[in-house]
Amino acid sequence: MAVNYELYVLLLPTLVYFAVFHYWPIYGVQIAFKQFIAVRGITGSPWVGFDHFERFFQSFQFWTILRNTVELSLYELLVGFPAPIVLALMLNQATSRRFKRFVQTVTYAPHFISVVVIVGMLNLFLSPRNGLVNQVIAYLGGTPVYFMAEPEWFKTIYVFSGVWQNVGWSTIIYLAALTAINPDLHEAAVVDGASKWRRIWHIDLPGIMPTVMILFILNMGSFMTVGFEKVYLMQNALNADASEIIQTYVYKAGLLNAQYSYSSAIGLFNSIINFVLLGSVNLLARYMKQTSLW
């Protein structure tokens, strides 16, 4: 009993954190259905039903914002999610321990660089006048491109810079899963004449598939929640057609324009989509006899 008591005490700060910062604020979601007036508070503000949702759905920006959010999230999922898996499988096959540690260090070091610094680096490297990339383009006879102002380049720059920053850090969990695979399986496969690609496909991938499925489900649970800070820092008037997403729109409507109820309605709409995606993908994983959250 004493051991169990100590474990519960150890768990208590985490439970308090989630209760205070994640569950208690749910009480304020009701302002999405009210016309919030600060001096009256949440309970004293009048109910307006679904007026704020209808206003957002009928807005001329609705489809643009929704399309940008979905496209950016899908692009990031298709490129960013498989990248650490591929890197982990490649590193697992490396025979040189020194080379493996060097690659790990180089790839996960960018994770500790702040988003502000990352965007500053992008502005420097992609500058049309003095940027390294445009200098190379000009040297090869091309015309410099103002990458940060071109809407068609925004999503690619956002996604691939995010892969560069986070791929090494995300690889750690897959490398840990690969270490749990029984080495005897590889030894038996080598004896049978299996190539490295065959061993990766038939041993390594099935071995880490439970981890892959859990992380995929969690990623789908935040599918519509694109990183606000980086998008907002990269956003400007010239690329707004491709960079205006739900998170930046909520920030501008809620904090800059003080439309608290309207922005809360948009945020709730976004959270509902994430919840539906999370439940649907988890249900699909169970139907396919794969690892699921519940």
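This is a predicted model: local features need pLDDT of at least 70, side-chain atom pairs count only at pLDDT 80 or more; totals for chains, interfaces and linings use all residues.
1. Residues are numbered from 1 along each chain as its sequence is written, and side-chain values use heavy atoms, with hydrogens and water left out.

2. On the overall architecture, the protein chain has 15 helices and zero strands, these being DSSP runs numbered from the N terminus (helices H or I, at least four residues; strands E, at least two). The C-alpha trace spans about 75 × 75 × 35 Å along its principal axes. Of the 294 residues, 34% count as buried, on a scale where buried means under 20% relative accessible area, exposed over 50% and partly exposed in between (1.4 Å probe, protein chains only). Among contacts between residues at least 6 apart in sequence, 65% join residues at least 24 apart, a contact meaning heavy atoms within 4.5 Å.

3. The largest pocket has a volume of about 780 Å³ and is lined by 22 residues, with Ile 26, Val 29, Gly 267, Leu 268 and Ser 271 lying nearest its centre. Helix H1 (2-23), helix H14 (246-256) and helix H15 (260-287) each supply at least two residues of this lining, and the largest share, 10 residues, comes from H15. As to terms, on a 1 Å grid over the protein atoms alone, a pocket is an open set of points with protein on both sides within 12 Å along at least five of seven lines, whereas a cavity is a set of points where a 1.4 Å probe fits but cannot get out; lining residues have an atom within 4 Å of a point. Grid points are joined across faces, edges and corners, and a volume is the space filled by probe spheres set on the points.

4. The structure holds one cavity of 30 Å³ or more, and about 30 Å³ of space lies in the largest cavity. Its lining consists of Leu 87, Leu 91, Gln 104, Thr 107, Gly 168, Thr 171, Ile 172 and Leu 175. Helix H5 (82-92), helix H6 (97-108) and helix H9 (151-179) each supply at least two of the lining residues, with H9 giving the most, four residues.

5. In H5, the residues Ala 83, Pro 84, Ile 85, Leu 87, Ala 88, Leu 89 and Leu 91 are buried, and the buried residues of H5 pack against helix H4 (62-80), H6, H9 and helix H11 (196-221). Gln 165 lies in H9 and is buried, with a relative accessible area of 7%; leaving aside its neighbours within four places in sequence, Gln 165 is in contact with Thr 107, Pro 110, His 111, Ile 113 and Ile 118.

6. Two further residues deserve a look. Asn 282 lies in H15 and is buried at a relative accessible area of 1%; beyond its neighbours within four places in sequence, Asn 282 is in contact with Ile 217, Ser 292, Leu 293 and Trp 294. Ala 38, by contrast, sits in the loop between H1 and helix H2 (41-44) and counts as exposed, at 61% relative accessibility.
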